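Subject: Structure for your files

Hello,

Here is the structure I said I would send. My notes on it follow below.

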Amino acid sequence: MTLISRRRALVATCALAALRESAAQSYPTRPIRLLVGFAPGGAVDIVARAIGQHIGPALGQPVVVENKPGAGTNIAMRALIDSPPDGHTLMLTANSIAANQSLYQPAPYDMARDFTPVSLVGRVPVVIAANAQAPVDSIAKLIAASKAAPRSIAYGSPGNGSTPHLACELFQRAAGIQLNHVPYKGGAPALNDVIAGHVPTVAVNALETLPHVRAGRLRVLAVLSPARSPIFPDAPTIAESGFPGFEASVWYGVVGPAGLPPAIVARVHAQVQKALAAPDVVERLSSAGGEVLPGAIERFADLLVSERSRYDKLIREAGIRPD
């Protein structure tokens, strides 16, 4: 490259940086799309709408939640990757962003290259539950029965590669047992079969089991979180069941496309932090059995890296593939 070419490249780079800085100062100039990789009405959708209702007025533009379900959230993530890095398209993601790079082949994206972490939001624990009439009425009995006859105990999940499936795979390794996985197309059909007695146990997020536990159709064997769930105060944690330090939750966080200007990241992050302090947002997550997780951007970035590593090891060793 000649000296003139280098100077032109430098001028172009500086001009682009100045343009992005100017755009960041005037951000946002139109409604913000908040993508969700799930259908309306689910836990991620509920959390996205709660956050959007708070950050929209603070930023001076409405936040429009746009549901793009399918392909294990890869459709929504591709829409985010392909959007301009101007902060007008964001996504409320969950564990799938850390798992799908290993779960799907060829890899649909490179998490470190294609996304910008903005803010961790919260988490809802995975629970292991059983039909209320099933003889397996505790984690101890589940472990004992499985050790006596490996794969004799079946459990349903929302599907191969879903967060509850991966959580239960991690639990089996920690407990030294083998269960018989029965994947479904979502948490609702898995729960229906457990309630009907076709499958004895299920791994799903806490929110999905709540109405069935209250109706006496399901029993929570353990909550896979460090502390007891506010919606299941009588259910033991997995630590209390003999596995201290083990945890498996569905976590949520806001991400943007690669190259999102730091000024925009900082501004959105600040407003999300304020939203997480709002009583109605705290209550909405608490009523789903979860908790808000405020904190620095680095906390979310570190979580993405650690979860990516954990899921990659599990998926490779267990040979897990999506439905």
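This is a predicted model: local features need pLDDT of at least 70, side-chain atom pairs count only at pLDDT 80 or more; totals for chains, interfaces and linings use all residues.

Overall form. The protein contains 12 helices and 10 strands. Its radius of gyration is 21 Å, which agrees with the value near 20 Å that a compact globule of 323 residues would have. Along the principal axes, the C-alpha atoms fill a box of roughly 75 × 45 × 30 Å. Of the contacts with a separation of 6 or more, 77% are between residues 24 or more positions apart.

Surface and charge. The accessible surface is about 13,900 Å², and carbon and sulfur atoms account for 58% of that. There are 29 positive and 23 negative side chains; the centres of the two sets are 5 Å apart.

Interior. Buried residues are 51% of the 323 in the protein. The largest nonpolar core has 103 residues, and the members that touch the most others are Ile-51, Leu-92, Ile-97, Phe-115, Val-121, Phe-171 and Tyr-252. Strand β4 (residues 115-131) supplies the largest share of this core, with 10 residues. Leaving aside residues up to four places away in sequence, Ile-51 touches Val-121, Val-272, Ala-275, Leu-276 and Val-281.

Backbone. Most residues other than glycine have a negative phi, and most peptide bonds are trans. Some exceptions are listed here.

- The bond from Tyr-27 to Pro-28 is cis, with omega near -10°.
- Gln-105 and Pro-106 are also joined by a cis peptide bond, with omega about 0°. Pro-106 is in the loop between α4 (96-103) and α5 (111-114).
- Ala-71 has a positive phi, near 55°, and belongs to the loop between β2 (63-67) and α3 (74-81).
- Arg-151, not a glycine either, has a positive phi of about 70°. Arg-151 lies in the loop between α6 (139-148) and β5 (154-157).

How exposed is Ala-71? Its relative accessible area is 42%. Partly exposed covers the range between the buried limit, under 20%, and the exposed limit, over 50%, so Ala-71 counts as partly exposed.

Regards

Definitions and conventions:
Residues are numbered from 1 along each chain as its sequence is written. Side-chain values use heavy atoms; hydrogens and water are left out. Helices (H or I, at least four residues) and strands (E, at least two) are DSSP runs, numbered from the N terminus. The radius of gyration is taken over C-alpha atoms; the globule rule is 2.2 Å times the number of residues to the power 0.38. Buried means under 20% relative accessible area, exposed over 50%, partly exposed in between (1.4 Å probe, protein chains only). Contact means heavy atoms within 4.5 Å. Accessible areas come from the Shrake-Rupley method with a 1.4 Å probe; for residues, only the protein chains shown count as cover. Lys and Arg count as positive and Asp and Glu as negative; His and the chain ends are not counted. The place of a charge is taken as NZ of Lys, CZ of Arg, CG of Asp or CD of Glu. A nonpolar core is a set of buried Ala, Val, Leu, Ile, Met, Phe, Trp, Tyr and Cys residues joined through side-chain atoms within 4.5 Å.
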